[in-house]
Amino acid sequence: MEQYPKIYLYRRIVQAKLFIDEQFADNIDLNNIANEAYFSKFHFIRLFKKIYNKTPHQYLTGVRIEKAKIFLKEDIAIADVCYSVGFGSIPSFTGLFKRIVGLTPSAYQQEQAKLKADIALQPLKYIPNCFAENNGWTDLSLKLQ
Amino acid sequence: MITKLNHVSVFVLDQDSAHDFYINKLGFKVHTDAPMGPGMRWLTVCPPEQPDLEISLMAINEGMMFSKESAKQMRELVSKGTFGFGVFECNDLLATYEELKAKGVEFTKAPKKEFYGFEALFKDDSGNWFSLGEKKS
């Protein structure tokens with residue numbers, strides 16, 4: 001690779017981001033992440049935001065909510081989802097989830113369960129016809145019913 | 001008047017492996033994952049900030065779409081890196097390059113400033129290659 005200035009800074013920020021991706025369920029202290037990356041807290045936050053357009057805290061929250069969405073789709077109980085993605089209380093999880101996703105975890109889970117059932121029952125509703133025909137999936141919904 | 005592209009196909013050697021690559025390495029999201037009978041699956045993924053563009057990860061199997069010979073030829077062509085499927089965009093190319101490299105993504109071109117933009121090239125787990133460019137500010 002051509003030499004770009006301060007590549008070592010990128011590597012440290014990327015390592016911090018990957019740390020959040022892996023440890024999101026733990027009680028992550030952003031001061032510790034900054035220390036791990038050998039930055040002062042404020043320098044770390046500024047660089048992180050410059051690269052990812054989010055503060056580390058905003059990014060961590062986003063990762064937790066996205067993981068929660070995946071677990072809710074798998075029909076895992078809301079309380080279990082809440083604690084397994086790193087939130088400390090169900091009300092704070094529910095409030096944040098609703099603010100970001102626009103639905104409560106419960107409503108989101110119901111919506112996804114309905115969608116999953118519909119895809120299983122009538123998959124051709126979700127596949128453009130040209131793809132379905134090319135694969136010979138022309139009357140699958142009738143067969144599945 | 002055509003207004004949008006909402007589906008595009010990428011032919012892959014193995015859908016399970018492609019699912020892992022596009023979701024766990026590239027950070028894409030599953031849009032639709034529907035079993036379509038024995039050995040068949042409709043699997044589409046989308047870039048995290050483009051939920052209405054479904055990338056269909058199409059398995060190259062003998063069947064309606066490919067004869068046995070065509071499937072063999074297609075698998076060979078994909079494996080050899082014959083096909084370039086598109087250009088992805090990121091906010092910060094150096095950071096994205098470092099992250100994907102750390103996750104084991106194979107780059108065939110490291111980030112380089114070209115006259116048309118800042119670009120790198122990488123391959124998916126099947127051999128399809130993509131350009132990765134930095135969003136122009």
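Where in chain A is the place of A:Asp75?

1. The model under discussion is predicted. In it, A:Asp75 sits in the loop that lies between H4 and helix H5 (78–84) of chain A. Its phi is positive, about 65°, although A:Asp75 is not a glycine. A:Asp75 is exposed, with 11 other C-beta atoms within 10 Å; the cut-off for an exposed residue is 12 or fewer.

2. Phi of A:Asn53 is near 60°, a positive value in a residue other than glycine. A:Asn53 is exposed, and 11 other C-beta atoms lie within 10 Å. As background to both points, most residues other than glycine have a negative phi.

3. On the fold of chain A, the secondary structure consists of nine helices and zero strands. Read from the N terminus on, the order of elements is α-α-α-α-α-α-α-α-α. The radius of gyration of chain A is 21 Å, well over the 15 Å given by the globule rule for 145 residues, so the chain is more spread out than a compact globule. Along the principal axes, the C-alpha trace of chain A spans about 60 × 45 × 20 Å.

4. Burial and contacts in chain A may be taken together. Of its 145 residues, 21% count as buried. Among the contacts in chain A with a separation of 6 or more, 46% are accounted for by residues 24 or more positions apart.

5. How do helix H4 and helix H7 of chain A cross, and at roughly what angle? The axes of H4 (residues 56–73) and H7 (residues 105–121) of chain A come within 9 Å and cross at roughly 50°. That angle makes H4(A) oblique to H7(A). The crossing of H4(A) and H7(A) is right-handed. On the side of H4(A), the contact is made by A:Ala68, A:Lys69, A:Leu72 and A:Lys73; H7(A) contributes A:Pro105, A:Tyr108, A:Gln109 and A:Gln112. By class, the contact of H4(A) with H7(A) has four nonpolar, two polar and two charged residues. An α-helix has 3.6 residues a turn, so residues three or four places apart point the same way.

6. Which elements of chain A give two or more residues to the side that touches chain B? The contact as a whole takes 23 residues from chain A and 21 residues from chain B. The elements in question are helix H1 (7–23) and helix H8 (129–134) of chain A. H1(A) provides the largest share of the side of chain A that touches chain B, namely seven residues. By class, that side of chain A has 16 nonpolar, four polar and three charged residues.

7. Eight of its 10 residues are buried, so H3 of chain B is largely enclosed by the rest of the structure. The buried residues in H3(B) are B:Leu93, B:Leu94, B:Ala95, B:Thr96, B:Tyr97, B:Glu98, B:Glu99 and B:Leu100. H3(B) is followed by B:Gly104, whose phi is positive, near 95°.

Key:
Residues numbered from 1 in each chain as written. Chains lettered and ligands numbered in written order. Predicted model: local features only at pLDDT ≥ 70, side-chain atom pairs only at ≥ 80, totals over all residues. Helix = DSSP H or I, 4+ residues; strand = E, 2+ residues; numbered from the N terminus. Rg over C-alpha atoms; globule rule 2.2 N^0.38 Å. Buried ≥ 20, exposed ≤ 12 C-beta atoms within 10 Å, placed from the backbone. Contact = placed C-beta atoms within 7 Å. Nonpolar A, V, L, I, M, F, W, Y, C, P; charged D, E, K, R; others polar. Axes fitted to C-alpha atoms, helices over the stretch in contact; angles between N-to-C directions. Parallel < 35°, antiparallel > 145°, perpendicular 65-115°, else oblique. Left-handed = near helix turned anticlockwise from the far one by under 90°.
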